[in-house]
Amino acid sequence: MTTETTTPDARAQKRPAISFEFFPPKTEEMERGLWDVVTRLAPLNPNFVSVTYGAGGSTRERTHSTIARILGETKLTPAAHLTCVAATKGDIDEVVDRYHDVGVRHIVALRGDPTTGIGTRYAAHPEGYQQSSDLVAAIKRNHPDMEVSVSAYPEKHPESKSLDADIDALKAKVDAGATRAITQFFFDNDLYYRYLDRVRAAGITIPIVPGILPVQNFKLAKNFATRAGATIPDWLEAKFEGLDDDADTRRLVAATVAAGQVQKLAKQGVENFHFYTMNRADLVFAISHLLGIRPNSTQKAA
Ligand code: FAD
């Protein structure tokens, strides 16, 4: 198994780098909620916070205004997600130009899901970017100072023929200029370790940052996992059994499970964590605390 660091002593002194993912709020009430979450998590000094882009560009303006507010009202570094779905190259370039104009210097570049629904065949817009590596290349060509992160799939992307094909796609994105990959969430760390070994064997050297989903709602997580092609281990299902109507215990179990997962990863030398916050602060704050992160402590550069 590949670890990403040197000695246990050096590890003990290092503070992991963390990042948080939010989705753009739909209503004013959700926006107030998100702002409370941002305010609570900001003192943890994440490396960056990212804001997702709705299917087919459906949240384009909301993603932009959330990013603009983060830039205008906090010291956080935002990363804007962007997909190739249902848009011409010109439209997408314009979105990137707009981000660049307001000071955004980090894009999470994705192909996106088919507009006809997950599981159906993806068809690129005839005048659009055909795959995510083309989007990465265009962003780097038009704005060389833009940092570009991409996705990675320890259990392979559901549409992919094989893990090797998936790793080839990752390599194409790295060759196009991506400097960080964030994984789909997973619950079995061995899947990540095995994936990392194969990625490194393929000559890919960029950080492969584990995406961590604290399970706030097991039914919802199971639904996400089915769509994302991620496995829910039996032991995880067993831990949430009988807790459907017991939110307090669910929260404690969720914190224990996710804290255990990140602590084991950290012990193996993983230094970067990306949290899918689902716009909730408590679990992520507690898990970060257990990783040794304290408000206003210094962030190690990732
Ligand atoms: P890619 O990695 O580009 O490709 C998916 C698969 O297609 C590959 O794994 C490969 O099998 C095949 N493929 C693609 N190109 C090639 C090639 N050149 N050669 C061979 N095979 C190829 N969705 C949203 O709508 N909005 C978001 O904000 C969003 N954020 C995400 C953030 C993260 C960290 C992750 C992991 C996913 C996110 N998604 C988001 C979901 C993502 O859009 C879907 O999983 C989508 O189906 C694939 O997009 P991708 O960029 O991950 O795919």
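## Salt bridges across the fold

A salt bridge is a side-chain nitrogen of Lys or Arg within 4 Å of a carboxyl oxygen of Asp or Glu. Keep that in mind as you look at this structure, which is a predicted model. Going by that rule, you get 12 salt bridges. Let's walk through a few of them.

Start with E159 and R111, whose side chains form a salt bridge with N and O 2.7 Å apart. What does this pair tie together? E159 sits in the loop between β5 (147-152) and α6 (163-175), while R111 sits in the loop between β4 (106-110) and α5 (132-142), so the bridge links parts that are 48 residues apart in sequence. As for how open E159 is, its relative accessible area is 39%, which makes it partly exposed.

## Two bridges between helices

Next up is E61, which pairs with R98; here the closest N and O atoms are 3.2 Å apart. E61 belongs to helix α3 (residues 60-73) and R98 to helix α4 (residues 89-102), so this contact ties together parts 37 residues apart in sequence.

K222 and E237 make another salt bridge, at 2.9 Å from N to O. K222 is in helix α8 (residues 218-228) and E237 is in helix α9 (residues 234-240), so the parts being tied together are 15 residues apart in sequence. K222 is partly exposed, with a relative accessible area of 35%, and E237 counts as partly exposed as well, at 31%. Salt bridges can also share partners: that is how E31, R69 and E73 end up joined into one network.

## Around the ligand

Now turn to the ligand. Which of the 20 residues around the ligand come nearest? They are D113, S132, S151, Y153 and D166. S132 has a side-chain N or O atom 2.3 Å from an oxygen atom of the ligand. For S160, a polar side-chain atom is 2.7 Å from a ligand oxygen.

How much of the ligand does the protein bury? On its own the ligand exposes 950 Å², and the protein buries 83% of that. Two elements, β3 (78-83) and α6, each give two or more residues to the shell around the ligand. Of the elements, α6 gives the most, with 3 residues. Sort the shell by residue type and you get 6 nonpolar, 10 polar and 4 charged residues.

## A covered strand: β9

Finally, have a look at strand β9 (residues 272-276). This strand is mostly covered, with 5 of its 5 residues buried. Which way do they point? N272, H274 and Y276 face one way from β9, F273 and F275 face the other way, and all are buried.

β9 also has strand partners. Strand β1 (residues 17-22) runs parallel to β9 and is joined to it by 5 bridges; one of the residue pairings is A17 with N272. Strand β8 (residues 211-212) also runs parallel to β9, joined by 2 bridges, and there G211 stands opposite H274. That puts H274 in two parts of the picture: H274 is buried and is also where β9 faces G211.

How values were computed
Residues numbered from 1 in each chain as written. Predicted model: local features only at pLDDT ≥ 70, side-chain atom pairs only at ≥ 80, totals over all residues. Heavy atoms only, no water. Helix = DSSP H or I, 4+ residues; strand = E, 2+ residues; numbered from the N terminus. Buried < 20%, exposed > 50% of the residue type's maximum accessible area, 1.4 Å probe, protein only. Near = heavy atom within 4 Å. Polar contact = N/O pair within 3.5 Å; in protein donor to acceptor, adjacent residues only side chain to side chain. Areas by Shrake-Rupley, 256 points an atom, 1.4 Å probe, with all protein chains shown as cover. Nonpolar A, V, L, I, M, F, W, Y, C, P; charged D, E, K, R; others polar. Pairing = 2+ DSSP bridges.
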